[in-house]
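Here is a short report on the fold of one protein chain.

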Amino acid sequence: MKGTFVITGANWGLGSNLVSQFLRSSYAKDYKGLFAVRIPASADTLKKVLAGSSNANDHEIIAVDLSTLASVRAATKDLNQRVASGSIPHIRAVVLNAALQHNMLYSRHESTDDGLEASFAVNYLSHFLFTNLLLQSMDPKGRIVVVSSWTHDPSYYVNSGHITNEQHKTVIPEGGPQVLAKPPSKAAKGDEYKAGMRRYGMSKTLMVMFMYELQRRLAGTKYSDISVLAVDPGAMGDSGLFKESPAALRFVLHWMLAPLAVVTTILSPNGNFRTPKKSAKDLLNSSFEEGTLGKHPKAAYLNGSAKMKPSKEAI
């Protein structure tokens, strides 16, 4: 095979749709898929996708628990050893898709076993570490794809429901980045869901900032032809992100938004609401396609399939 294709968060929503799109594409014949999940034994959705593919035996599920940095280090050590030994080819593309979005239950921040705020740790820091540790195993002309979100932009009108004051518009709070990792404050009563949304948006802003900074640091090195991209997949009712959202919102997303997204995707392919299938196709194209993007696109931000500028805070 020509290379390896790594996807984090491969078991649900956008991730499992991306796996499905990949397995049906011509790329699956040339690239070995490694589909990362927290617990492989319980990755039922992903297993169902693989069971329906005739070439599933050429690809595999791997364990990466992004809620603990020790798991990230262990997983990348294993992958680097496999690439070094030649048992798998160099990594052609990495899609940093895994994420969580949680309601701040009982006003408390959810923390990982490392004692870090969960959105910051899982959505951003673990992906930061995962990518940097895998650079040695990357194809020097490969791609790193960040899954972004409109929530990263505090000035976007859709976010006005939870961005309620000027302080919310600044990603780095007074006190520095360490406050993001270990926030001292609690959410006010009635603000738990909004606070969780702000945490999620902040983590996505950090990932876009990471895209720009990593691309800059790769310039002039042997990895200078690696492309670092970000893709906003839009809102998807069946993405799996909203399992801790209020019950009424979950009902609307699943029973109303998901069917509606089929229509809105046809009318406006890069509009606010899209199907996971369409967004997965955009991620697959950003990982491999050269006709529109070029061979080595640098620090490109894509809203679906269209290039755009991200928020001012992220640049």
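Contact means heavy atoms within 4.5 Å. Residues 24 or more positions apart account for 78% of the protein chain's contacts with a separation of 6 or more.

This is a predicted model: local features need pLDDT of at least 70, side-chain atom pairs count only at pLDDT 80 or more, and totals for chains, interfaces and linings use all residues. Residues are numbered from 1 along each chain as its sequence is written, and side-chain values use heavy atoms, without hydrogens and water.

**Overall build**

The protein chain has 9 helices and 8 strands. These are DSSP runs numbered from the N terminus (helices: H or I, at least four residues; strands: E, at least two). The radius of gyration is 19 Å, close to the 20 Å of the globule rule for 315 residues, so the protein chain is as compact as a globular protein of that length. The radius is taken over C-alpha atoms, and the rule is 2.2 Å times the number of residues to the power 0.38.

Of the 315 residues, 56% are buried (under 20% relative accessible area, 1.4 Å probe, protein chains only).

**The sheet**

An open sheet of 8 strands runs β3-β2-β1-β4-β5-β6-β7-β8, with mixed pairing. Strands pair if DSSP finds at least two bridges between them. β3 and β8 each have a single partner strand, so one side of each is left without a neighbour in the sheet.

| Edge strand | Residues |
|---|---|
| β3 | 60-63 |
| β8 | 306-307 |

β4 (residues 91-96) and β5 (residues 138-147) pair in the parallel sense over 5 bridges. Ala93 has Arg143 in β5 as its bridge partner.

Key
Buried < 20%, exposed > 50% of the residue type's maximum accessible area, 1.4 Å probe, protein only.
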